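Trainee: Please take one part of this model and walk me through it closely. Start with the terms I need.

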Amino acid sequence: MDKKAMKPSNGIFKREEGLSGLSPKERKAMEAYCADYMGFLGKAKTERRAYAESVALLERNGFRPLDSFKTLKTGDRFYRGYHGKTLLAAIVGKRSPAMGVDVVGGHTDAPRIDLKPVPLTEKGGLAYFDTHYYGGIKKYQWLVRPLALYGVVCKPDGTRIDIAIGDDPVDPIFMITDILPHLGQEQAKKALSEAIPGESLDLLIASEPCPKASDDKDVKEKVKLNVLRMLGEKYGITEEDLVSAELEIVPAGMPREMGFDRSMIAGYGHDDRICAYAGLRALIDQGDVPERTAVVIMCDKEEIGSVGATGMDSSFFENSIAELLFRYDAKGYSDIVTRRALEASRMLSADVTNASDPLFSDLDAPNNTAILNAGGCFNKYTGSRGKSGANDARAEFLASLRGVFAKHKVAWQIGELGKVDKGGGGTIALFMSRFGMDVVDLGTPLLNMHAPCEVAAKFDAYMTYRAYWAFFKG
Ligand code: MN
Ligand code: MN
């Protein structure tokens, strides 16, 4: 039997073309790409900041807001933002977008801890922000680590105050504290899922009483008052202003290279900025105008079910395609043209997946779990309990993508999110498949997904980008 025709048994089809197979030139390109990505990730600590960074990058590369185009023609580069959180960018292809578009869609929100609408409290002479976590987190992972505070505070007069505290080396950081081991015996007996209740995730923010009120017996919460005094002086924020705020607690610190060999990147928010950024760069780096219109989505709210106006379960994508078609051919535009275009579209749902962790390998689906350094990973389906809630991609679509990746020498792998019945998950694939288009998940495998610090291999980050680039190129 021809050795080349034999399929490796571990589900990795291109690993022999992996890291060691990279030419010096490709390795240089990989390092340059990963350095760019780490720069982006360090600045994109929230979905709003990911949006702002992405818009800046698009503008530097000749993309303009859709509203500035009265008409669109082949080669035009535009973007359309929504509420400063969800972003769509595209290059109009050589063929009419009415024949369908190629989409790479990822999300820029990440698991985190949000402030409650009335967050400021004082307990036992310490001031705290009361919180409500966002997305699937293992709560204990967020204790006793330096945390930063990012977000916006909006006032009725229309002013918006941007907050970013904790990542500038001169900034203070914040923390959620934990019991010392000496007194932690009862806690240690509890199940991990119960040891840290969500309601106990309070952020310690201050300890000094307000100097002006130190002798005033009528003032009960002097530390809280001091925080309000400082917020007022520095930002002009009142306690009521915190009601109309979006303040997010995220890990402090920048992404770092990891390992003696520097082959990995550790950082907060790989899920899913690593894929969203890869899509964005794949679009920007297209070079020649692609045959089909190339579209990138960087959406919000994936981690809580793609809900809301900025999530993919909204009309944003559909409306954006309608705007594109109308500007491309106002005379030929109609509802049925839009529906046909949506149905004829194709999509890579760009979201991360689980990488096999040899320390927890009993969770791996045999032969069907992604590994580090083997490229971006297809998930033909996600879901749980018998593929429930999955978009199960069509074999014909996967086959066509295999052809594209072989043509462009892209390393890839395919896997599931762990053993059957062990759990599961979902992505935006489901919401996009509603339009009748072909969708399949393809993203970067991660170690400790959803942890405050996630790990990806540089090779996989780079190959994910290459996969998206090749998809657009065709
Ligand atoms: Mn994700
Ligand atoms: Mn996620």
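Mentor: Helices (H or I, at least four residues) and strands (E, at least two) are DSSP runs, numbered from the N terminus. This is a predicted model, where local features need pLDDT of at least 70, side-chain atom pairs count only at pLDDT 80 or more, and totals for chains, interfaces and linings use all residues. Residues are numbered from 1 along each chain as written, chains are lettered from A and ligands numbered from 1 in written order, and side-chain values use heavy atoms, without hydrogens or water.

Begin at a loop. Gly 124 sits between strand 5 (112–123) and strand 6 (126–134). Gly 124 is exposed, at 85% relative accessible area (exposed is over 50%, buried under 20%, partly exposed in between; 1.4 Å probe, protein chains only). Its C-alpha atom is 45 Å from that of Ala 56, 68 residues away along the chain.

Asp 271 belongs to helix 6 (residues 270–284), while His 450 is in the loop between strand 21 (445–447) and strand 22 (454–457). That pair is 179 residues apart, linking distant parts of the chain. Both Asp 271 and His 450 are buried.
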